[in-house]
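Hi everyone, thanks for making the time. Let me put the model on the screen, and then we can walk through it together.

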Amino acid sequence: MSVLILIELNGSEVSSNSRAAITAATQLSDKIDALVLTDDSANAASVASLDSINNVKVIADSKLEHVSVGVASKLVAEVMADYKYLLSGSSTYSKNILPRVGALLDVQPISDVCEIKSNNTFVRPLYAGNIMATVESSDDTIVMTIRATAFEHSGDGGSAAVEELSLPIPEQKSNFISIQESQSERPELTTADRIVSGGRGLGSKENFALIDQLADKLDAAVGASRAAVDAGFISNDYQVGQTGKVVAPNLYLAVGISGAIQHLAGMKDSQVIVVINNDPDAPMARMADLVWQTDLFGALKELNDHSL
Amino acid sequence: MKIIIPIKRVLDPYTQARVNKQTQLVDLTNAKMSMNPFCEIAVEEALKIKESGAASETIAVSIGSEKTIDTLRTALAMGVDRAIFVKTDSELDLQPLHLGKILANIVKREEAQLVIMGKQAVDNDNNQTGQILSGLLDYSLGTFISKFQLSDDGKSVEVYREIDSGIETRQLNLPAIVTVDLRLNEPRYASLPNIMKARSKPLETIEISSFNIDISPRVKVISVKESGTKDRASKQVQSAEELFAELIQLGVL
């Protein structure tokens with residue numbers, strides 16, 4: 001009944017969604033191993049010190065930097081021969097690889113698991129999270145992504161044994177060309193304690209800077225609605241919602257966001273929700289703990305000028 | 001080069017999903033249905049490639065009950081050349097693994113070099129079918145794409161992938177599967193003359209049983225419930241000072 005967790009690394013650091021997957025795994029078994037695909041085995045050090053991990057399996061090869069999903073899924077599927085479960089934290093990394101591993105293992109994967117009911121029964125969202133489904137898997141092997149906002153993030157303190165696997169790296173059919181990483185000094189969106197999020201109401205990319213300014217003042221991450229992203233005010237990796245990121249900060253401050261169901265799906269579990277909008281009938285307002293119904297530019301100026 | 005565009009009929013994304021107390025399923029009786037928004041983007045991209053002269057034929061495929069034909073007709077009205085309808089007995093809830101197996105059969109039969117599809121359907125939100133299809137066929141895969149550029153020699157494509165940390169550019173060898181994200185393009189509307197014309201475009205029906213694929217559910221839905229969005233107190237504030245005071249009081253500032 002052992003669990004393999006596919007770890008996502010950001011450089012040499014373990015991603016927060018991988019830590020959520022570990023917490024979920026502890027509810028299934030106490031035999032939990034981690035798998036790391038990396039170009040440099042030194043990156044596995046941070047994985048070995050994670051809590052609850054027995055063994056770290058490392059496949060290290062220079063070809064694995066920006067490796068194709070085809071190669072990654074073949075390697076993961078091969079290691080899975082010894083395991084009952086494959087878990088990874090929900091992210092574009094795991095959502096790319098895990099379903100393809102499922103195809104190779106002839107398994108129906110389960111996406112965005114929010115609760116573990118038993119060894120084969122799980123709860124996951126449908127319809128942008130408006131429906132929660134309890135599902136039961138009859139597959140011998142269970143492959144699933146774990147929603148990071150639904151589980152505690154496991155900490156450090158372990159000392160797992162590290163084993164380097166030397167598997168042949170298959171030929172890849174897609175080549176990495178470049179990556180344009182979003183540079184930000186601000187907290188990361190999915191793990192931030194506070195988020196200031198802007199919508200279409202901001203009206204322009206220039207005006208969106210007022211959101212950045214308030215975020216800096218509150219030591220918050222910046223978020224955006226799909227409408228703001230589509231309008232070109234900000235890039236897609238800031239999008240909160242069904243097709244963007246799912247967040248649950250202590251404070252979610254929404255400015256000029258009317259609250260399409262797809263956006264609410266991505267932030268409804270926030271502890272305190274503040275809405276600044278001039279439309280009292282916007283769906284977002286009903287979700288709010290605090291509402292400031294006013295012209296949002298006046299409000300942003302006042303908030304940015306006010307000394308804390 | 002043939003392009004296959006798998007599409008899905010879903011509950012209209014601006015309609016609130018409700019649970020039918022009797023069936024314990026999401027109630028789709030008399031509900032407004034439409035083409036999954038990501039599929040519309042996939043159709044648009046395929047049409048643009050065809051219009052550029054790089055593709056010989058565009059083929060929409062959908063799997064479902066008789067009503068699925070409506071969605072295929074919409075794709076034909078947008079400009080797709082022909083449609084393949086895989087007919088299921090009822091509103092059978094096929095899962096991405098099943099869909100991947102059926103689509104793999106069709107891709108091989110048509111010898112298609114390119115499959116363009118939505119990154120997810122907005123009903124089940126699985127985000128799996130393209131990945132599974134690529135695994136079954138061992139084709140290259142580009143998920144969550146926001147830009148698509150065919151190479152001059154027609155042997156590969158360059159795509160932008162919208163990933164959590166930013167935008168990744170990759171070159172995929174053909175044959176390839178791509179799954180599209182929202183910013184790839186703005187889908188066209190079908191004009192009235194094209195809606196009329198679509199009625200006479202070829203639509204092939206294949207019974208699902210003819211694929212000889214085990215379609216018993218691997219993951220069974222036991223129950224569903226509306227999580228909704230709980231209304232909160234919505235206490236009004238009138239100034240920055242008041243707002244900050246409340247937030248400090250609540251312990252979040």
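Let's start at one residue, B:V43. Leaving aside neighbours within four places in sequence, B:V43 is in contact with B:I5, B:I7, B:A60, B:A75, B:M78, B:V80 and B:P187; contact here means that C-beta atoms, placed from the backbone, lie within 7 Å.

A word on ground rules. This is a predicted model, where local features need pLDDT of at least 70 and side-chain atom pairs count only at pLDDT 80 or more, while totals for chains, interfaces and linings use all residues. Residues are numbered from 1 along each chain as its sequence is written, and chains are lettered from A and ligands numbered from 1 in the order in which they are written.

Back to B:V43. Which residues have the most contacts inside the largest nonpolar core? They are A:I5, B:I5, B:V43 and B:A60, in a core of 185 residues. Such a core is a set of buried Ala, Val, Leu, Ile, Met, Phe, Trp, Tyr and Cys residues joined through C-beta atoms within 7 Å, and buried means that 20 or more other C-beta atoms lie within 10 Å of a residue's own.

Now the sheet. It is open, with ten strands in mixed pairing, in the order β13(A)-β11(B)-β10(B)-β9(B)-β12(B)-β8(B)-β1(B)-β6(B)-β7(B)-β13(B). Strands are DSSP runs of E, at least two residues, numbered from the N terminus, and helices are runs of H or I, at least four; two strands pair if DSSP finds at least two bridges between them. β13 (174–181) of chain A and β13 (203–207) of chain B stand at the edges with a single partner strand each, so one side of each has no neighbour in the sheet.

Inside that sheet, β9 (residues 140–150) and β12 (residues 176–180) of chain B run parallel and are joined by four bridges. One of the bridge pairs is B:S140 with B:A176.

Helix α2 (residues 68–78) of chain B lies across β1 (2–6), β6 (57–64), β7 (82–87) and β13 of chain B, at about 165 degrees to β6(B). For that angle, axes are lines fitted to C-alpha atoms, for helices over the stretch in contact, and angles run from 0 to 180 degrees between N-to-C directions.

Finally, the two chains. Their contact takes 69 residues from chain A and 69 residues from chain B. Strand β18 (residues 290–293) of chain A also runs parallel to β15 (residues 235–236) of chain B, joined by two bridges, with A:L290 partnered by B:K235.

Notes: Contact = placed C-beta atoms within 7 Å. Buried ≥ 20, exposed ≤ 12 C-beta atoms within 10 Å, placed from the backbone.
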